[in-house]
Every structure is written in C-alpha cells, then in structure tokens.
Amino acid sequence: MTRTDAEIQVALEDLLDRFEPLVDLGQDARAVVRRMVEVTDTAAEPGHWREALAGELFEYLRLTAPQDDDEWTPTALSCLDAVCEFVRIAPCPELAWTLVVRATSTPGDEGADDLDWIIEHADQLDRETVTDAYLERARSRSETDLYAGIDDWITAAGMVTQPEDQIDCAVNLAVAYAELEQPLDEADWSWQAAVLVEINEPAPDLDLLREAYAAQFRGVEHLYRIDGPARQMRPLLGRMLSRPGWAPEELLPPHVHIVAAGICIQDNDAAAALVQLTLAEHRLGEVDVYFQAQWQLCQMECAVLRSDSVTAEYFARRAWPLIERAGDEEQRTRFRHIVAGLGTVTGPWDFPGDDLAAVRTLGTVMTRMRAGVGGPEDIEQLDHAIEAFDPLLQAHLVISAYALRARINSALGQTGAAAADLRTGRAMLAEIEADPPGGFSRGVSTLLDQSEAILEAARGHPEAAALRMEEMWRSELAAGAHSAAIGTALAATQLWLSMGSKPRRAAECALAALTIAQEFRYAKGDSKDRSAVASYVVTGNEYAVEAVAALGDCALMAELLEVIRAQAVPYVSDDPDVAVGPLASMLTDVLDGHDPATDDGRRTSAVLLSPPPLILMPWGSVAMAPWLQYDPSLARPVGRLILGDV
C-alpha cells in the first residue's frame with residue numbers, strides 16, 4: 001500500500017515524538033527507527049523521505065554526542081545506536097561513518113558487526129570510511145587472530161594516505177610478523193615504518209629505527225640458516241649499509257660487512273666481497289671470535305674465486321685457530337670444503353679428509369694436461385674421484401672432474417664422449433645454480449666453457465673455439481679472475497696461431513695474457529704467488545714473440561722485448577701494513593706447519609716487487625700501450641730507453 005506524502009509526514013512525526021523521550025532516557029530506540037524505515041517504504045518516493053529522516057537523526061546525534069574526549073552519556077549512546085540501526089537497514093551510506101564511531105568509541109559487541117558491514121558494502125561507501133573500518137578491525141583482530149589482522153592491516157596500508165596511519169600500519173604489521181616468527185616480512189614492514197618516521201617526524205624515535213635495522217640483520221641471518229639465495233639477502237643488506245647510524249650499539253659495523261661479504265661471495269662477486277671485508281677489518285678486533293673466523297673464511301673464499309690458492313692458504317692458516325676457539329661445527333664444515341676445493345693446502349686441521357685424495361687427483365690430472373700429457377689412465381682416475389665426491393656438498397668438484405674428462409676425451413678424438421661429459425656437467429651446474437651453495441659456480445662454469453671450446457676445436461672448428469676463448473678471457477678479467485683470464489687468453493692464442501691466418505688476433509690474446517700475468521705476478525707480495533704464474537709468463541713470452549713475429553710489426557716487437565726484459569728488483573719491507581708473509585710461507589715447513597705470525601696476526605716482513613714499469617719508447621709512446629692490461633692508476637717507474645732504428 002502506497003501512502004500519500006501527507007500520511008507519511010504524520011506517521012514520521014508521530015514516531016519522532018516516541019523517539020525523543022526514549023533517547024532522553026538513554027533507552028533503546030532502535031525499534032522506533034526500524035518502524036520509521038518501514039513507513040518510508042510505503043511512500044511513492046522512499047529515497048526522498050529517508051534522506052529527510054537521515055537529516056533529522058543526524059541532528060539528534062550532533063546535539064547529544066560528547067565534545068572532544070568527553071565520555072558518551074546514555075542519551076548519546078541511545079542516539080548513536082539508533083542512527084547506526086538506520087544506516088544499516090535504510091541503508092544510508094552517507095552516515096556509515098557513525099558505525100566506525102560506535103566501533104571505536106563505545107563498548108559492546110556491535111562494533112565488530114558494524115565494521116564488517118562497512119567492509120561488505122565498501123563499493124557503496126566513501127574510501128575514507130572504508131579505510132577507517134579496516135584500520136579499526138585490524139586493531140581489534142590483532143589480539144585474537146593475527147592472520148586475519150594482518151590481512152586487514154595490509155589492505156589498510158594500501159588505502160591510507162596520512163603519514164601517521166601509514167606508520168601505524170607498518171609498525172603493526174612488523175609486530176604481527178615478529179610474533180609469527182616470519183623475519184623477512186617483519187624486516188620489510190619495519191623498514192617501511194622506519195623510513196616513514198624518518199621522512200615525516202622531525203625527531204624520529206631512535207628505538208624504532210634501531211629495531212628496524214636489527215630486523216634487517218635478523219632477516220639476513222634467517223636466510224643464511226635456510227641457505228636462501230643471495231638475491232633475497234642483498235636488499236636487506238643494502239638497507240643496513242644505507243643507514244649505518246641506525247645500527248644498535250651491540251651490532252657493530254664488522255657484523256654487517258662480514259655478512260655482506262658472504263652475500264657477495266654467494267653471487268661469485270669477489271671484488272665486492274673484498275670491499276666489504278676491508279671495511280670490516282677496521283674494527284674486527286671488537287667482535288667475537290666467531291665473526292673473526294667468518295672474516296677469515298670469507299677471505300679464503302674470495303681467494304678461491306680469484307684463482308689465488310696461495311692467498312687462500314695464508315688465510316686458512318689464520319682461520320683455523322679461530323675456528324677451533326669458536327667451536328662452531330658449521331664453520332668447521334665450511335672450512336673443510338674450502339680446503340677440499342683447493343686440494344693443495346696442508347696443515348694442522350684435525351678433521352677427516354678421505355676425500356682430499358680425490359681432490360688431489362684433480363690437481364694431478366690438470367698438471368699432466370698442462371704438460372701436454374693425458375690419456376685413458378687419467379680418465380680412470382677421474383672416474384674414481386667422481387665416485388669419492390659427495391654430490392651434494394662437493395658438486396663443484398664433480399663438475400670439474402667431468403670438465404677435465406671432456407678435455408681428455410677431446411684430445412683423444414672421442415668427441416661423443418666429451419660431449420656427454422659436458423652435458424652431465426652442465427646439468428649438475430644448472431642444479432646448483434638453481435639452489436646455489438655459493439662461491440663455486442663461477443669457477444666450474446669457466447671450466448665447462450673452456451672444455452666446450454676445446455671440444456669445438458676437436459670437431460674441426462678452431463676459429464669458433466678461439467672466439468669463445470677470447471670472449472671468456474675478457475669476461476674473466478672483468479670479474480677479477482686473473483689466473484683464469486691468463487690461461488684462457490693463452491689457449492685462444494694457441495688456437496689463432498694454429499690457424500696461421502689471424503696473426504693480429506693471436507698477438508692481441510698473447511699480449512693480454514703476458515701483461516695480465518706480469519701485473520698479477522708483481523701485484524702479489526707473496527713469492528710463492530709470483531712463482532705460481534711464472535709458467536704463464538714464460539708461455540706468454542713465447543706465444544707473444546711468435547704472434548708478433550707473424551704479425552710482422554717490428555716496432556711492436558721492439559716494445560715487446562723491452563717489456564719482457566723489464567724485471568723489477570725485489571726488496572724486503574718491515575712495514576706491517578704491506579707485509580703479507582712470503583718469508584713466513586718459505587719457512588712454513590721448517591716450523592712444522594705453524595703460521596709464524598705475531599700475536600696481533602700481522603706478519604713482520606715481506607718480499608715485494610714494484611709494479612712493472614711503463615717503458616717510454618724513443619718515438620714517444622708507452623711500450624705496447626694499446627695492448628697493456630695494467631691498471632694505469634698504479635704508481636710505477638717509467639723507464640726511458642734509447643733504441644737504435646728498427
């Protein structure tokens with residue numbers, strides 16, 4: 001039945017007369033409101049009457065509601081309940097904010113239902129009201145249902161626009177994830193909160209900033225424990241490095257930089273790791289022995305990545321006493337596998353080493369191959385080594401063995417067997433790259449690349465193999481893997497020389513290998529390091545002379561000969577900042593394997609060589625200037641040589 005406007009007017013006025021005394025007495029007036037809505041339903045235009053009714057009810061609420069922080073009176077509560085009832089049954093979206101007011105300002109179970117109603121009708125309501133509903137529901141749920149509270153906090157975080165609300169969301173999410181022991185999510189939200197505080201508050205809460213910093217460190221530690229990928233750790237690390245002033249007093253710079261170095265090592269980035277280790281060294285004595293051992297272990301791994309076994313041995317001898325004192329089994333295991341990976345380090349380490357025999361087999365086979373010797377007996381030895389290695393912990397050594405097998409098979413003309421070896425090695429490498437142990441994948445990848453190029457040559461494609469070798473040595477040099485760069489450049493030279501038609505390409509690779517080897521050899525303070533690349537220098541000299549002779553460039557030959565004969569005179573330094581221990585290395589055997597270092601860990605003397613001189617030729621240019629791989633920023637002597645006409 002439809003009523004006239006006059007009839008509607010009379011009915012509503014009658015209901016309002018009943019509504020007022022109930023509200024004044026603080027009694028429940030919601031039944032009267034429901035009757036009002038029923039009356040408007042009988043009008044020809046219900047919306048018009050409901051709008052008018054909403055205005056009347058809002059005016060009642062405005063007059064009865066408390067001011068500022070005053071308490072709600074029974075009259076005000078009765079009116080608020082009545083208006084909320086009207087909002088939900090009318091419905092009246094423009095007054096939906098009253099539901100938030102009741103949920104946040106008054107006791108009772110209606111508050112949760114009100115917030116649910118707002119969220120269910122979000123598409124009909126203004127964004128601010130819906131945002132407030134999510135915020136208030138999140139606050140109430142966080143105490144009873146953390147997961148539901150997190151969902152609401154996340155939704156609210158995406159809706160709020162005021163800095164204080166954004167901070168509130170981020171802080172509460174960080175707290176919730178901390179309670180659920182989810183450190184990565186805690187780290188993300190705590191950092192977001194800290195940055196917002198830094199930007200928006202003139203005097204930010206230092207405790208909040210320190211807690212955010214500590215949360216990043218906990219996140220990194222968690223990823224370490226679960227062998228998480230470095231790509232997840234780097235953002236957390238970057239945050240810490242960007243805000244050193246937020247670090248808690250108990251978290252010293254070496255803690256952060258040592259962890260950072262470990263992350264760089266997992267990414268096979270030795271150069272970046274060494275930067276972090278240098279930063280950590282300044283206050284290394286202030287951290288506990290565990291972190292001091294970690295620093296030494298990272299130095300060992302960097303040396304492995306840079307193909308520098310002598311430096312790795314040096315740090316191994318310094319690391320072992322610290323590892324023994326720390327008593328951490330994970331460090332022991334890590335140390336053991338680095339040493340096993342080197343295969344040449346002997347010392348007083350008291351752990352089982354049955355697999356070291358297999359590692360030394362790899363070294364023996366590689367030495368034979370460099371001497372131009374290799375046959376079926378070597379393949380048999382490699383098969384025994386593969387069986388002895390742990391495929392989970394020593395996958396890098398298994399891959400290396402397959403790479404060596406492929407080289408020998410290529411030399412024997414067994415290209416099918418060589419290809420099978422490389423497929424097996426590549427498949428294993430793909431597995432460890434998908435879940436990397438860190439620190440080895442780059443080195444074994446280089447071995448496989450080199451073996452694949454050798455197979456190309458064995459299949460009758462020497463130019464393709466030489467091009468691959470060229471690309472590799474440039475890549476290895478850029479990565480700081482000098483030894484790998486030298487060996488690969490020499491292999492490329494040999495291939496170009498064998499073809500005879502590309503003397504300039506051969507000269508470029510030979511001169512690169514020679515100058516990298518010279519710089520690498522002179523840059524090292526340890527005499528054993530210099531002798532380790534002596535064979536590279538000799539071979540590089542031979543190939544370079546042959547390649548330049550084939551090129552027919554007399555001026556370049558003159559420059560090459562001057563560079564080859566420019567040998568610096570070694571000197572002994574007692575400066576502890578440059579003493580790196582070659583004399584101690586020479587004396588190791590005499591001293592029963594003990595590392596003759598002072599109590600503070602520094603060596604007392606070193607045999608050093610100055611960098612190779614840049615030679616100024618009579619025609620005004622530096623000898624071999626376009627070919628040198630030297631770092632021009634290094635201070636070095638410049639010789640002026642007067643040569644006859646060539």
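Is the crossing of H3 and H4 left-handed or right-handed? The crossing of H3 and H4 is left-handed, the near helix being turned anticlockwise from the far one by less than a right angle (clockwise would be right-handed). This is a predicted model, in which local features need pLDDT of at least 70 and side-chain atom pairs count only at pLDDT 80 or more, while totals for chains, interfaces and linings use all residues. Residues are numbered from 1 along each chain as its sequence is written, and side-chain values use heavy atoms, with hydrogens and water left out.

**H3 with H4**

- Helix H3 (residues 46-64) packs with helix H4 (residues 74-89) at an angle of about 155°, and their axes are 9 Å apart.
- H3 is therefore roughly antiparallel to H4 (angles over 145 degrees, on a scale from 0 to 180 degrees between N-to-C directions).
- In contact (heavy atoms within 4.5 Å) are Arg50, Leu53, Ala54, Leu57, Tyr60, Leu61 and Thr64 of H3 with Thr75, Ala76, Cys79, Leu80, Val83 and Phe86 of H4.
- The residues of this contact comprise ten nonpolar, two polar and one charged; Asp, Glu, Lys and Arg count as charged, Ala, Val, Leu, Ile, Met, Phe, Trp, Tyr, Cys and Pro as nonpolar, and the others, Gly among them, as polar.

**H1 with H3**

- Helix H1 (residues 5-24) and H3 pack at about 20°, with axes 12 Å apart.
- H1 is therefore roughly parallel to H3 (angles under 35 degrees).
- The crossing of H1 and H3 is right-handed.
- Asp5, Ile8, Gln9, Leu12, Leu16, Phe19 and Glu20 of H1 meet Trp49, Leu57 and Tyr60 of H3.
- Seven nonpolar, one polar and two charged residues form the contact of H1 with H3.

Conventions. Helix = DSSP H or I, 4+ residues; strand = E, 2+ residues; numbered from the N terminus. Parallel < 35°, antiparallel > 145°, perpendicular 65-115°, else oblique.
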